[in-house]
Every structure is written in C-alpha cells, then in structure tokens.
Amino acid sequence: MIVLGIETSCDETSVSIVQDKKDRGKVLSEKILSQVKKHQPFGGVVPELASREHSDCISNLTRQVLDETSLNLDDIDGFAATTGPGLLGGLLVGCNYAKGLSIITNKPFLSINHLQGHVLISRMKKKINFPFLCLLVSGGHSLILLAKNFNKFKILGESIDDAVGEAFDKTSKLLGLGYPGGPLIEKLAQKAQREKKFHLPRPLINDKTMNLSFSGLKTSVRRIIEKNISQSEKADLAYEFQKSITECLLKKVNIAMDSCKYYKIKDFVLSGGVASNSFIRNQFKSLCLVKNINFIVPAKALCTDNATMIAWAGIEKLRNHKIGDRLNTHPQPRWSLESI
Ligand code: KG4
Ligand code: ZN
C-alpha cells in the first residue's frame, strides 16, 4: 500500500509518499517547504500569507515527490491530508488538493487529524502496541494522552493556557531571539554558565491533576528581562526556563504513568515539535528508565510538522477502514483528538 500525504495546517507545506512495508512504513520521498522566513518579520504566523504560500507551492511539491519516486498518480492507493486542527486557509488548500487527486484517480481520500499524525508517527519505524502513553508537545498543543487505538485517544491532561511550544516562542521573543523560538532557546541554554542564577516558578507542579500551565512563566521571564540582564545572563535564564518546563512535564507524566497502571503501559512516546529538544528528550529517557517503561521518540525531523506523519496515519486508517472518508468532509480548525 502506498499513500501520499499532505500537510498544510500551519507554516510548512509538505508532501510525502510512504509505503506500507511489513507493517512498518518506508518513506519513498518527502518534501517540506518552510515558510518561516516569510513570517519572521511579523514575529509569528500570518494566516492569510500562509494559505497563499501553500496554494502557490502544493502542485510543485507533489510533482517533485512523484518524479523522485518514478510513481504515477495511479500507483497511489490513497490521498491523505491534514483536515484539522490548524489554520483554516491552509487546511482548505491541502484538503481540497487531496480531494482533487482522489477524484481524478478514483482512490480514497483520507482525512487526518494533525495531532493523530504526531502521535502515530512513532509507530512507523517500530512496532508499538496500543495502549501507549504519549506526551504531545507542539506549538499549539500540550497533551498527555492515552492512545488506545489508531483513532481512539483519551486526554489525561493538557495545558490550561499556553502550549509548551507557544511558551518557547513567546519567551524567545522576550529574549530578543527569533521565531520559531524552541531551537533558539535550546541553543542559548547550552551556553549557560550559572545554571542556578535565576529561579522561575514551576506552575501547577503541586496540583494533583495532569494539567499544565505555562503562561505565568513567560510573565516571570519578562520581569527578569526588564532589569536589563547581560547576554550571558540571558543564557542562564534560557536554561532555567527550559528546566522549569521540563520539570513540570516530568511531574505530570509521572502521575500519568502511575495512574495508568491498570493498562499495564509498556511504552511512552514523546512527540510534537518540542520533542526535538535534546534536553527534554534526555530527561524523559531517564524517567522511563526509572519507571521501567520503553522510551520512544521519533527522529527529530519527524517531530516537527511534516507530511510523512500524515501519510503514515493515512496508511493506518486505510489498513483498518479499507475505505476512505467522504468527499464532503470539511476541515475543522478546532478538532479534539477525543472526537475523531
Ligand atoms: O509540531 P510543530 O512543528 O508544529 C505544531 O503543530 O505546532 O511544533 C512547533 C513548535 C514551535 O513552537 C517550536 O518553537 C517548537 O515546536 N520547537 C521546539 C524545538 N523545536 C521546535 N521547542 C523546544 N525545543 C526545540 N528544539
Ligand atoms: Zn504539529
């Protein structure tokens, strides 16, 4: 089975072709065109600009992946597109493009939830049985969830305000760094010399729920920066910021691991753009070692937005459902994992 996936929910246009091989996935070709530079002057993603960019390059990227694999459209068994959550303009571009390809080839159209793509990509290279526990940390979402099936998820905890990636991005702006902020803060934190110079709060750390909160952290960072700190102190602050976020995440995932004992969870998956952070990856690796749970994290390029995860989720869907989704399926800018 070969599925072509399309991702256009935010500021990356991506097309990928993935083949189902012995239950795992082989990427035949993947293209990602980042719009980061176009949005950089505005300090964040401009929705109108994003949808125009997706519209301008989707055909070329599709042509390129087909050429690279020497496949024709007729060789593809299904066309998967992100249909939410995300920016409506971008979702419409990718979703309608996939529907068009589905109509001309008479092959299934597969509507994929972006978050489902982030969670399931961990299963592309390695067999991970359901149920497994997952921490999904991206620019728009911070979720601790139980993946019960390829399309059944139970949210155990989530951020009550800013998502983790959003907190990185906003703090990066405060520190005078660019966008996206996560990789820049990670790099700056590596230069920290006095790791205990600053102390930031650990929001909700003593709360018994699995919910998270990050908006207060940003305010604390702002107060410190207003005192005009030096460049080297900014590195110390970036380190403390990353540490505070990581400690909050570890604490809540720890609670989730204990509360899921009934399910005999064997695997923990870290996913989403923030999962490409090495400091966070290492800390979770250690937690899993202590808890005697397998630690799984996708390759860094598969943590941030990409169409391979959409194509792979399409394969999982087609394997289970055999038929595609209706062509009148509409994009949903807000679409909870629990209502797939
Ligand atoms: O999953 P993703 O690519 O897009 C969304 O679905 O949101 O995640 C993007 C987010 C951005 O907020 C970005 O700053 C963050 O992931 N991110 C990181 C790192 N790389 C990307 N955060 C922390 N450390 C990183 N190395
Ligand atoms: Zn994402």
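Which ligand 1 atom has a polar side-chain atom of Asn277 3.1 Å away? A nitrogen atom. Some notes on this predicted model:

1. Start with the polar pairs around ligand 1. On its own, ligand 1 has 560 Å² of accessible area, and the protein covers 89% of that.

2. The shell around ligand 1 splits into 5 nonpolar, 12 polar and 3 charged residues. Of the 20 residues in it, Gly139, Asp169, Glu186, Gly273 and Asp305 come nearest. Helices α4, α5 (164-174) and α6 (181-189) each put in at least two residues, with α6 giving the largest share at 4.

3. Asp305 also turns up at the metal. The zinc ion (ligand 2) is held by His114 (NE2), His118 (NE2) and Asp305 (OD), at 2.0 to 2.1 Å. Along the chain these donors are spaced H-x3-H-x186-D. His114 belongs to helix α4 (residues 114-120), while Asp305 is in the loop between α10 (300-303) and α11 (308-321), so this pair ties together distant parts of the chain, 191 residues apart.

4. His114 deserves a look of its own. It counts as buried because its relative accessibility is 6%, under the 20% cut-off; Asp305 is buried too. The His114 side chain makes a polar contact with that of Ser9 at 3.4 Å. Leaving aside neighbours within four places in sequence, the contacts of His114 include Glu7, Thr82, Pro85 and Met309.

Notes: Residues are numbered from 1 along each chain as its sequence is written. Chains are lettered from A and ligands numbered from 1 in the order in which they are written. This is a predicted model: local features need pLDDT of at least 70, side-chain atom pairs count only at pLDDT 80 or more; totals for chains, interfaces and linings use all residues. Side-chain values use heavy atoms; hydrogens and water are left out. Donors are N, O and S atoms within 2.8 Å of the metal (3.2 Å for Na, K and Ca); water is not among the atoms, so sites may look incomplete. Buried means under 20% relative accessible area, exposed over 50%, partly exposed in between (1.4 Å probe, protein chains only). A polar contact is a pair of N or O atoms within 3.5 Å; within protein, one must be able to donate a hydrogen and the other to accept it, and residues adjacent in sequence count only if both atoms are side-chain atoms. Contact means heavy atoms within 4.5 Å. A residue is near a molecule or strand if one of its heavy atoms lies within 4 Å of it. Accessible areas come from the Shrake-Rupley method with a 1.4 Å probe; for residues, only the protein chains shown count as cover. Ala, Val, Leu, Ile, Met, Phe, Trp, Tyr, Cys and Pro count as nonpolar, Asp, Glu, Lys and Arg as charged, and the others, Gly among them, as polar.
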